[in-house]
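Welcome! Take a moment to look over the model below, and then we will walk through it together, from the whole chain down to a single residue.

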Amino acid sequence: MAALLVVVTATYAWYIYNTKGHTTDVRMAAGTGTNLQISSEYDTGYGSAAVLESFNGRLTPVSTDKIANGFQQAAGFTSGKEGQAGLVINFFKNSKPTDYYTTSLYLRTNGVATDVYIADIGFEDNDLENPISSAIRVGFVVHAPGSNGKAVSEYIFEISDIKNPEAEYNTATGKEGYVLDSTKTDGTTVPFTPYNKDAYCIYDRNTGVVTLKENSLKLCTVEGDGNGNQGTPVRVDVYIWLEGCDEDCVDNLCNETLEKLAVSFAGVVRN
């Protein structure tokens, strides 16, 4: 109870990501509550649901510590030294757009100013003994309001606290929690801690009430005038990838996929 800061009424948005085979033919759908609206287009299509573009690629291990700097594909390994895994990543190359999933959605409100939080990132592994979710990352890049708003912030989440039973520290440091330094091209890795479920808010679907925890992370604010006039939309780019430097990202995951990944947004109306 000490961690609960505030309980407020909420609007609610969700989208769902389904896979067939190895993360191919992905379909994403989106829905919102009454005040928070969502669309896959900036100018049109806002409402309680939107279908986002599908993904026809294959998740390939890539790595980054900053989405804005891009991804590099984990492409080469060398034999580990004492205190390291049997193989460690020592070579990266430029990734292709088909190595990871990305799409954009747009949020707006026809009510008053609303702060947007993540309520949940749910998932379903196709093989519980080889859980690919253990190495999946979901990233959000938030833009300034408007059709050409520049990227102003980004957030990277791990989606699971499940561990791959065959996990090994596969970076040259031999330590957990390192990813590629995206400012360099020589394979240098740096410590990086993604957000996790501690940064979610709590959304009660039965009552429509949001509870903010001590570490609940606000993604953005969508503005409105409170008179039913729509505010300026905010673009959010969504990225889903297999983190190649994660100690859970080893060979037993290469033929696995997520059956489902669903991200839930909740809106907190500002007083």
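Of the 271 residues in the protein chain, 52% count as buried, where buried means under 20% relative accessible area with a 1.4 Å probe, protein chains only. This is a predicted model, in which local features need pLDDT of at least 70 and side-chain atom pairs count only at pLDDT 80 or more, while totals for chains, interfaces and linings use all residues. Residues are numbered from 1 along each chain as its sequence is written, and side-chain values use heavy atoms, with hydrogens and water left out.

The chain has zero helices and 18 strands; helices (H or I, at least four residues) and strands (E, at least two) are DSSP runs, numbered from the N terminus. Among contacts (heavy atoms within 4.5 Å) between residues at least 6 apart in sequence, 72% join residues at least 24 apart.

Five of the strands make an open, antiparallel sheet in the order S3-S8-S17-S10-S11. Its edge strands, each pairing on one side only, are S3 and S11. Two strands pair if DSSP finds at least two bridges between them; S10 and S11 are joined in the antiparallel sense by seven bridges. Here are the residue ranges of the sheet's strands:

| Strand | Residues |
|---|---|
| S3 | 36-39 |
| S8 | 101-109 |
| S17 | 234-242 |
| S10 | 136-143 |
| S11 | 151-158 |

**A nonpolar core**

In soluble globular proteins, nonpolar side chains tend to be buried together. A nonpolar core is a set of buried Ala, Val, Leu, Ile, Met, Phe, Trp, Tyr and Cys residues joined through side-chain atoms within 4.5 Å. The largest one here has 36 residues, and those touching the most other members are Ile121, Ile136, Val138, Phe140, Phe157 and Leu261. S17 gives the largest share of this core, five residues. Val138 touches several residues beyond four places away in sequence, including Ile121, Phe157, Val238 and Leu261.

**A closer look at Asp237**

Beyond four places away in sequence, the residues it touches are Thr103, Ser104, Gly139, Phe140, Val141 and His143. His143 in turn stands opposite Ala151 in S11. The C-alpha atoms of Asp237 and Ala151 are 9.2 Å apart, although 86 residues separate the two along the chain.

Notes
Buried < 20%, exposed > 50% of the residue type's maximum accessible area, 1.4 Å probe, protein only.
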